[in-house]
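Visitor: I would like to learn how to read strand pairing, salt bridges and helix faces in a model. Could you take me through them one at a time?

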Amino acid sequence: MASSSSTGGTSSAVEARHRRFRPGWPLTLATLCALALLLALGTWQVRRLAWKTDLVAAIETRGAAVPLTVEAALADPVAGEFRHASARGRYRHDLAIAMGTVAETGEVGARLVTPLQLADGRLLLVERGWLPERLLPPAVPAEIEPAGEVEVDGVVRWHGGDRAGPFTPANQPQRRRWFWYDMPALAAELGGQLEPLVLVAEGPGERGLPRPLPVRADLPNNHLGYAITWYGLAAALLAVYVAFGLRRGGE
């Protein structure tokens with residue numbers, strides 16, 4: 001019995017020594033191509049992570065920077081985004097619109113957007129804050145519509161290149177209800193030179209309405225998770241390739 005067991009062990013050792021790694025050229029080429037693609041995708045996500053991290057840091061820095069004038073923000077709309085700015089003019093309450101749908105404290109409403117007419121006649125959209133559905137244009141109460149020249153302090157948002165998402169409702173100019181900033185269509189509807197910036201007012205109006213809404217960057221940063229996924233798939237592919245090559249070499 002001992003001799004038989006020794007013989008079996010020797011046979012297994014010899015078999016292990018003579019096992020070869022033989023995955024075959026077709027599988028090797030396919031694996032190399034797939035591996036290169038997965039590694040490239042992972043590296044791209046790492047670069048996107050660095051870019052997004054720098055962008056978020058830049059936005060936070062802009063928020064703490066010295067406030068701009070609207071003219072300075074218009075000189076470089078992209079760099080001026082998320083900066084604090086102020087503008088002086090007269091509200092065109094007759095052109096006010098409702099933007100989007102926002103629920104606050106269990107009540108459905110929207111953002112009140114009123115064009116501010118600057119001294120030279122240009123129009124600048126101002127997001128004044130949230131109003132409940134029953135008070136949206138054209139039913140905005142006169143007591144929350146400031147008359148005369150006003151100075152508005154707020155945060156700059158650039159909407160010159162906005163596009164509707166696949167699930168965004170269609171704008172309804174006839175109802176003065178818009179769901180995304182279609183600047184060319186808004187300019188045609190309002191009948192004036194409309195700037196591509198929106199100033200999000202920071203202070204509440206009379207009697208607490210319109211209610212200001214916080215300005216968020218809305219920049220999801222999931223690139224690290226995506227990079228780990230792509231690199232993990234590359235490692236799994238390599239492990240399967242090695243295991244298959246060893247198994248095939250032992251047959």
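Guide: Strand pairing comes first: two strands pair if DSSP finds at least two bridges between them, and here strand 4 (residues 107-117) and strand 5 pair in the antiparallel sense over 9 bridges. Helices (H or I, at least four residues) and strands (E, at least two) are DSSP runs, numbered from the N terminus. This is a predicted model, in which local features need pLDDT of at least 70 and side-chain atom pairs count only at pLDDT 80 or more, while totals for chains, interfaces and linings use all residues. Residues are numbered from 1 along each chain as its sequence is written, and side-chain values use heavy atoms, with hydrogens and water left out.

Visitor: How many residues of strand 5 are buried?

Guide: Buried means under 20% relative accessible area, exposed over 50%, and partly exposed in between, using a 1.4 Å probe and protein chains only. In strand 5 (residues 123-132), 10 of its 10 residues are buried.

Visitor: How many salt bridges does the structure hold, and which parts does the pair of Arg122 and Glu71 tie together?

Guide: A salt bridge is a side-chain nitrogen of Lys or Arg within 4 Å of a carboxyl oxygen of Asp or Glu, and the structure holds 10 of them. In one of these, the side chains of Arg122 and Glu71 meet at 3.4 Å, N to O. Arg122 lies in the loop between strand 4 and strand 5, and Glu71 in helix 3 (residues 70-75), so the pair ties together parts that are 51 residues apart in sequence. Arg122 is buried, with a relative accessible area of 14%, whereas Glu71, at 46% relative accessibility, counts as partly exposed.

Visitor: Where do Arg134 and Glu107 lie?

Guide: The side chains of Arg134 and Glu107 meet in a salt bridge of 2.5 Å, N to O. Arg134 lies in the loop between strand 5 and strand 6, and Glu107 in strand 4, so this pair ties together parts 27 residues apart in sequence. Arg134 counts as exposed at 56% relative accessibility, and Glu107 is partly exposed, with a relative accessible area of 31%. Elsewhere, salt bridges that share partners join Glu71, Asp120, Arg122 and Glu195 into one network.

Visitor: Which residues of helix 5 are buried, and which are exposed on the other side?

Guide: The general idea is that an α-helix has 3.6 residues a turn, so residues three or four places apart point the same way. In helix 5 (residues 183-190), the buried residues include Met183, Leu186 and Leu190. Seen down the axis of helix 5, its buried residues fall within an arc of 60° (taken from the directions from the helix axis to the C-beta atoms), so they line one face of the helix. On the other side of helix 5, Pro184 and Ala188 are exposed.

Visitor: What do the buried residues of helix 5 pack against?

Guide: They pack against strand 3 (97-104), strand 4, strand 5, strand 7 (177-178) and strand 8, where contact means heavy atoms within 4.5 Å. Just after helix 5, Gly191 takes a positive phi of about 70°.
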